[in-house]
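Welcome! Let us take a friendly walk through a protein model, one topic at a time. Please have a look at the picture first.

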Amino acid sequence: MKTNKWSLLSIASIPLIMTLGNSMLIPVLPSIRNKLQITSFQVSLLITVYSAVAIILIPIAGYLSDRFGRKIIIIPSLLITGIGGLISGLAAWWLEHPYIVIILGRALQGVGAAGAFPIVLPLVGDIYNNESEVSKSLGIVETANTLGKVLSPILGSVLAFVVWFLPFLTIPVLCVASTLLVAFLVKSPTKKDMKEEKITFKGFLQNLKQIFANNGRWLTAIFAIGCICMFVIFGTLFYLSDTLEDKYQIKGIWKGCVIAIPSAALCLASFLTGKKIGENKKLMKWITLSGVAMVTAALVVSGMVQSLYGLITLVSVAGIGIGVTLPCLDAMITEGIDKAERGTITSIYSSMRFIGVAVGPPLASVLMKISPQSMFYTISSTCVVAALLALFAIKPSKEDKPTK
């Protein structure tokens, strides 16, 4: 167990660092926009390009991790992510017009991200055999992910206060640290514990078809809800970052601290939920439904308030709703699929989450030009869809497993 704890802490560093590498740009996007003299839509593409590349490559990374092993995919991916950050940072430092090269560096980061965080979920499932331990461990991993969202606005603001492109140059340092932790402290299951026969790509496609034939309804629902949750997080935080600076004149480190408040609420909710849910799939379903309903209500009311304090409070309530939902989704999808196919299925799930990350900032930037109400009501309408999916498509069986 002591070895597993060190492994888990090292694994948790991956979502923490991947989140820092992406989310710490959120509070400094207005500064980057001003420095590069580009539009809000163009600066939002720094988030979108990273996610769009990852979306395409994540399923391939999942298949490769099922075939060749988790660490063999994770370690090079972390290094590629660091190289991408280095390219973006040096371009911002050395070039007079660095926008295109920064975008290319972010795209390379997306290549690395595809083989890092998405492989974490099946790796946790491989290390632990007891479903209750899997749920608790996934709760810690999701908490590390959300802790990154808490730290990122503060860290991003502090680094940008020194020099605006320093957040890019911090990414390689973080990635090297995570690489060393994973390389030396994570003990992957032995081949005896894993499926001996390596699956061919044709067999992979056949297995994937069979998995969706047996579990398509609840898997699709979880994919969609995960996508919507990330869309809400990144769309709302992008709006908050712009609004704090343009409307309320809150900038720099103070802005980072304000943005960290709803992220902290999300992080705490994830941690407590991961400890509570255990193996109870029915409880996971109802927590998911309640969490999404909470997000919907908070966003609808957010469109009506004018007060900054009211806005932060409501966005924090939405953060709690997402925080209780994500560990349930992680646990249902990891525990509901056999070990041999976990890398593939969780990678598709991660791709769907990255779609939400990719769509959130640019769509928010477009809707904000119409009105804040348009943005909040559009986002909350997607949450209604998520609530309906949780209610009707996720149906745990008597044996407490999700069924189609």
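## A buried proline

Pro362 is buried, with a relative accessible area of 10%; buried means under 20% relative accessible area, exposed means over 50%, and partly exposed is in between (1.4 Å probe, protein chains only). Before going further, note that this is a predicted model, in which local features need pLDDT of at least 70 and side-chain atom pairs count only at pLDDT 80 or more, while totals for chains, interfaces and linings use all residues. Residues are numbered from 1 along each chain as its sequence is written, and side-chain values use heavy atoms, with hydrogens and water left out.

Where is Pro362 found? Pro362 is in helix 13; helices (H or I, at least four residues) and strands (E, at least two) are DSSP runs, numbered from the N terminus. Leaving aside neighbours within four places in sequence, Pro362 is in contact with Phe41, Ser44 and Thr48, where contact means heavy atoms within 4.5 Å. Along the chain, Pro362 and Thr48 are 314 residues apart, yet 7.5 Å separates their C-alpha atoms.

## The overall build

The protein has 14 helices and two strands. Its radius of gyration is 20 Å, close to the 22 Å that the globule rule gives for 404 residues, so the protein is as compact as a globular protein of that length. For this value, the radius is taken over C-alpha atoms, and the globule rule is 2.2 Å times the number of residues to the power 0.38. The C-alpha trace spans about 55 × 45 × 40 Å along its principal axes.

How much of the protein do buried residues make up? They come to 59% of the 404 residues. Among contacts between residues at least 6 apart in sequence, 85% join residues at least 24 apart.

## A covered helix and a partly exposed glycine

Helix 6 (residues 117-127) is mostly covered, with 11 of its 11 residues buried. Among them are Phe117, Pro118, Ile119, Asp126 and Ile127.

Gly252 gives us another setting to look at. This glycine lies in helix 10 (residues 252-277), and with a relative accessibility of 34% Gly252 counts as partly exposed. The C-alpha atoms of Gly252 and Ile140 are 30 Å from each other, and the two residues are 112 places apart along the chain.

## Rings that meet

How many aromatic pairs does a search of the whole structure find? The search finds seven. Rings of Phe, Tyr and Trp (its six-membered ring) pair if their centres lie within 6.5 Å; planes under 30 degrees apart count as stacked, over 60 as edge-to-face and the rest as tilted. One of the pairs is Tyr50 with Phe354, a tilted pair with 6.2 Å from centre to centre and 45 degrees between the planes. Tyr50 lies in helix 3 (residues 40-68) and Phe354 in helix 13 (residues 339-370), so this pair ties together parts that are 304 residues apart in sequence. Both Tyr50 and Phe354 are buried.

Tyr239 and Phe376 form an edge-to-face pair, at 5.1 Å centre to centre with 75 degrees between the planes. This pair links distant parts of the chain, 137 residues apart: Tyr239 is in helix 9 (residues 201-246) and Phe376 in helix 14 (residues 372-392). Both Tyr239 and Phe376 are buried. Elsewhere, Trp93, Trp94, Trp164 and Phe165 form one aromatic cluster.

A charge can also sit over a ring, if NZ of Lys or CZ of Arg is within 6 Å of the ring centre and within 35 degrees of the ring normal. Lys285 lies over the face of Trp286, at 5.2 Å from the ring centre.

## A serine in helix 9

Ser241 has its place in helix 9 and counts as buried at 1% relative accessibility. What does the side chain of Ser241 make a polar contact with? Its partner is the side chain of Lys255, at 3.2 Å. A polar contact is a pair of N or O atoms within 3.5 Å; within protein, one must be able to donate a hydrogen and the other to accept it, and residues adjacent in sequence count only if both atoms are side-chain atoms. Not counting residues up to four places away in sequence, Ser241 touches Ile26, Pro27, Pro30, Lys255 and Ile259.

## Cysteines without a bond

A disulfide is a covalent bond between the sulfur atoms of two cysteines. The structure holds zero disulfides, counted as pairs of cysteine sulfur atoms within 2.5 Å. Cys227 is in no disulfide, and the nearest cysteine sulfur, that of Cys229, is 9.3 Å away. Cys227 counts as buried at 14% relative accessibility.

Cys328 counts as buried, at 0% relative accessibility.
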